[in-house]
Amino acid sequence: MLARLLSQRLGEALGQPVIVDNRPGAGGVIGAEIAARAPADGYTIVLGSPGPLTINPNLLARMPYDTLRDFAPITLATISPFVLVLHPSVPAGSVKELVALAKAKPGQMNYGSAGNGSVSHFSAEQFKALAGIDLAHIPYKGASPAVTDLVGGRLQLMFENQPTILPHIRSAKLKALAVGTKTRSAALPEYPTVSEAGVPGYESSTAFGVLAPAKTPPLTIGRLNRELVNILHGPDIRERMAAQGQEAVGGTPEQYSAHLKEELAKYGRIVKAAGIKAD
């Protein structure tokens with residue numbers, strides 16, 4: 001959805017069509033590799049996410065590209081928090097109460113994820129480490145079946161991306177405790193961040209950014225950045241993103257580069273601490 005929205009607006013700004021070419025597979029690595037190896041002429045760009053850019057480089061022994069070496073960041077497009085949600089039957093009304101409950105029942109409470117190495121998996125493992133608790137991990141093949149089992153009461157808790165989980169929070173099928181971003185979410189302003197709710201230093205979100213192949217001319221990167229930032233800062237786009245639980249960002253290439261470096265280091269620490277292995 002985001003790619004198609006940006007492509008339409010970018011095409012209008014550049015005066016030529018921008019085509020979305022979906023290349024699924026290997027957690028986004030296939031599409032990212034195609035972009036990394038494309039001619040550095042500005043005619044191929046990629047909408048990247050944590051999986052291919054910052055998670056898999058920490059999980060896989062071999063990668064067909066280097067995130068920092070083989071891409072030229074253009075701009076961070078959107079960011080959305082991972083939300084800590086519980087089944088309503090879990091007797092905890094705050095993060096502190098959940099931590100106390102988990103400490104009283106070490107290893108007995110479970111959480112679901114979209115699979116080993118997914119952002120939801122990393123989100124929970126980071127929470128476990130910082131809160132000093134033990135939770136049983138139940139990996140699924142994707143977020144949808146995990147959320148279905150959480151709503152059905154077969155799971156007790158989960159960290160899931162806000163756009164995915166927001167309808168279940170609003171319908172009271174799930175109980176939200178806190179959001180994973182550094183600041184509160186505009187879509188869920190009544191909920192604290194995990195950090196301010198009692199687990200300092202916690203941060204988990206999903207960011208989508210636009211990149212070009214390395215060695216793309218700086219003038220081309222600058223033009224694409226200006227156009228994309230103008231699009232992302234438009235009030236209609238911001239409203240559309242906010243309604244879906246995402247924050248439109250739009251910043252400099254340098255800011256996005258710094259974000260990628262921070263995320264690579266963060267996921268590296270979590271992989272090492274939790275001993276996470278790729279499937």
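Author: We will look at a pocket and then a cavity. This is a predicted model, where local features need pLDDT of at least 70 and side-chain atom pairs count only at pLDDT 80 or more, while totals for chains, interfaces and linings use all residues. Residues are numbered from 1 along each chain as its sequence is written, and side-chain values use heavy atoms, without hydrogens and water.

Reader: What is a pocket, and how is it told from a cavity?

Author: Rolling a probe the size of a water molecule over the atoms shows where empty space is left. On a 1 Å grid over the protein atoms alone, a cavity is a set of points where a 1.4 Å probe fits but cannot get out; a pocket is an open set with protein on both sides within 12 Å along at least five of seven lines, and lining residues have an atom within 4 Å of a point. Here the largest pocket holds about 1,300 Å³ of space, a volume being the space filled by probe spheres set on the points, which are joined across faces, edges and corners. Its lining has 42 residues, with Ile19, Asp21, Ile45, Val46 and Leu47 the closest to the centre.

Reader: Which helix gives the most to the lining of the largest pocket?

Author: Helix 1 does, with seven residues. Helices (H or I, at least four residues) are DSSP runs numbered from the N terminus.

Reader: How many cavities of 30 Å³ or more does the count come to?

Author: One. The largest cavity has a volume of about 60 Å³, and Gly48, Tyr256 and His259 are among its lining residues. Helix 11 (253–274) gives the most to this lining, with four residues.

Conventions:
Helix = DSSP H or I, 4+ residues; strand = E, 2+ residues; numbered from the N terminus.
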